[in-house]
Amino acid sequence: MKILFVCLGNICRSPMAEAVMKKKAIEAGLNLHIESAGTNRYHKGGPADERTIKICLDNGVDLRSHIARRFRTADFSEFDKIVCLADEVAEEMNEFITHPKQWEKVTRLEVGDPWYGGEKEFIQCFKHIEQVCEMLLQKFSDHQNLLPK
Ligand code: 4NP
């Protein structure tokens, strides 16, 4: 199964979710392909936010090679699940949707944007993302028979 996490900038929430989910999938022995993207282009081609890199490294997840990219309409055909990490992000999907059926792949969640915050907000965000990934692993594996036999 291919999962794409989407936030606004692809420098805080979605790269964090990508890295955490990859780690959890490996630990659970699941064969998942996971990527992330942002709906805006402001940080395209650049690294993750340094505060994102720090909180991830503090928790054994290395994001130093992340390169931000923008969401594109082709992602609807390439991925099985598109996880929008905020309502605002799901709203921005309207710009990329070319067929109503594409909405069937979209999961909407609400993870607060830590970008305007400090270390405390990044720690909270990381913990929230960990819970979200656990919940998604459960949800997707219930539907797709993902768990190892
Ligand atoms: P993210 O955080 O969507 O979690 O990567 C943000 C990063 C940058 C901006 C907004 C949110 N920005 O407006 O540039």
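**A ligand and its pocket**

Let us begin with the ligand, which is surrounded by Cys7, Leu8, Gly9, Asn10, Ile11, Cys12, Arg13, Tyr42, His43, Asp113 and Trp115, each with a heavy atom within 4 Å of it. This is a predicted model, where local features need pLDDT of at least 70, side-chain atom pairs count only at pLDDT 80 or more, and totals for chains, interfaces and linings use all residues. Residues are numbered from 1 along each chain as its sequence is written, and side-chain values use heavy atoms, leaving out hydrogens and water.

By class, this shell holds six nonpolar, three polar and two charged residues; Asp, Glu, Lys and Arg count as charged, Ala, Val, Leu, Ile, Met, Phe, Trp, Tyr, Cys and Pro as nonpolar, and the others, Gly among them, as polar.

Now look at the ligand's oxygen atoms. A polar side-chain atom of His43 lies 2.8 Å from one, a backbone N or O atom of Cys12 is 2.9 Å from an oxygen, and for a polar backbone atom of Ile11 the distance to a ligand oxygen is 3.0 Å. The protein covers 92% of the 350 Å² of accessible area that the ligand has on its own (Shrake-Rupley method, 1.4 Å probe).

Among the 13 residues lining the largest pocket, Leu8, Gly9, Asn40, Asp113 and Trp115 lie nearest its centre. The lining divides into seven nonpolar, four polar and two charged residues.

Conventions. A polar contact is a pair of N or O atoms within 3.5 Å; within protein, one must be able to donate a hydrogen and the other to accept it, and residues adjacent in sequence count only if both atoms are side-chain atoms. On a 1 Å grid over the protein atoms alone, a cavity is a set of points where a 1.4 Å probe fits but cannot get out, and a pocket is an open set with protein on both sides within 12 Å along at least five of seven lines; lining residues have an atom within 4 Å of a point.
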